[in-house]
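Here is a briefing on one protein model. Please read the points below alongside the sequence and the coordinates.

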Amino acid sequence: MQIYFKTSDFNVLTMRHKHSAGMQISLKRVDHAVLFEASNSRGHTVRIEGRRDMGGSESAPTPTEYLLMSHAGCTAIDVVELLRKMRQPLVHLELESQGHMEEDRLPKVFTTIHLHYRLFGDIQPEKAEKAISMSIEKYCTVSKMIDSVARITHSFEIISENQPQDNPM
C-alpha cells in the first residue's frame, strides 16, 4: 500500500492498494446555492442538490436519495443476474426503496431500509427469495457498505405473465 499526501488549497490523503479497483468522480458547484454536477471517468453526469432548507430548489436528488437509488440499482442488477443463472424467466423488475433516518441525530444516517421487489414472470418464489437474499447479504456492494449502520429488510411479489395487470409495461 502506498500513501500519498498532496497539498494545494486542501490537504488530501490518497491511498492506493496494489490490487484494488479504482473509481473516480469529479464534482463541481453549478450555482450559488447547493447544486452540484458530478461526472465519472466515463463521462456520465448527474446533478446533486442539497435539501430546500439548505438552499436547494428541488431540481435534483439529494445525496441520500442517490444512496437509496444506488442501493436499489445495485441489488436489482444482482437479482436479474442471479435469476438468470437460476434459469428463472424474469420479464421485468421494479423495486421500491424506503429509508428511515434518525431525525435527532447528526449526522442523519439511515437506520432502516426496506426494499420491495416486484418480479414479473413465472418465477419460483423460493428462487426469488434466494436471489434477493444473496444479493443483499453477499453480492451487493452498496448493501455491504451500509448494512453495519442500517437494518435492511425486503419483501417481494411475483406478477405472473398469466396474471392480469393494472399497469402494463
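Which residue in β4 is the bridge partner of R29? The partner is F36. This is a predicted model, where local features need pLDDT of at least 70, side-chain atom pairs count only at pLDDT 80 or more, and totals for chains, interfaces and linings use all residues. Residues are numbered from 1 along each chain as its sequence is written, and side-chain values use heavy atoms, leaving out hydrogens and water.

**Strands and sheet**

- Helices (H or I, at least four residues) and strands (E, at least two) are DSSP runs, numbered from the N terminus.
- Three strands form an open sheet in the order β3-β4-β5, with antiparallel pairing.
- The edges are β3 (25-29) and β5 (45-49), each of which pairs on one side only.
- From one strand to the next, the twist averages 25 degrees; axes are lines fitted to C-alpha atoms, for helices over the stretch in contact, and angles run from 0 to 180 degrees between N-to-C directions.
- Strand β4 spans residues 35-40 and runs antiparallel to β3, with five bridges joining the two.
- Two strands count as paired if DSSP finds at least two bridges between them.

**Salt bridges**

- Side chains of opposite charge can pair when their charged atoms come close.
- A salt bridge here is a side-chain nitrogen of Lys or Arg within 4 Å of a carboxyl oxygen of Asp or Glu.
- The count by this rule is ten salt bridges.
- Accessibility classes are buried (under 20% relative accessible area), exposed (over 50%) and partly exposed in between, using a 1.4 Å probe and protein chains only.
- R84 and E81 meet in a salt bridge of 2.5 Å, N to O.
- Both R84 and E81 sit in helix α1 (residues 63-85), three residues apart, about one turn of the helix.
- R84 is exposed at 52% relative accessibility, while E81 is partly exposed at 32%.
- R118 forms a salt bridge with E94, and their closest N and O atoms are 3.1 Å apart.
- R118 is in strand β7 (residues 110-121) and E94 is in strand β6 (residues 90-101), so this pair ties together parts that are 24 residues apart in sequence.
- R118 is partly exposed at 24% relative accessibility, and E94 is partly exposed at 27%.
- D147 and K144 join their side chains in a salt bridge of 2.8 Å, N to O.
- D147 is partly exposed at 34% relative accessibility, and K144 is partly exposed at 40%.
- A network of salt bridges links K28, E37 and R47.

**Helix α2**

- Helix α2 covers residues 125-139, 15 residues in total.
- From first C-alpha to last, α2 reaches 20 Å, close to the 21 Å expected at 1.5 Å a residue; the expected span is 1.5 Å times one less than the number of residues.
- Buried residues of α2 are A128, A131, I132, S133, S135 and I136.
- The cover over these buried residues includes α1, β7, α3 (141-146) and β8 (151-159), with contact meaning heavy atoms within 4.5 Å.

**Cysteines**

- The structure holds zero disulfides, a disulfide being a pair of cysteine sulfur atoms within 2.5 Å.
- C74 is buried at 16% relative accessible area.
- C140 is buried at 0%.
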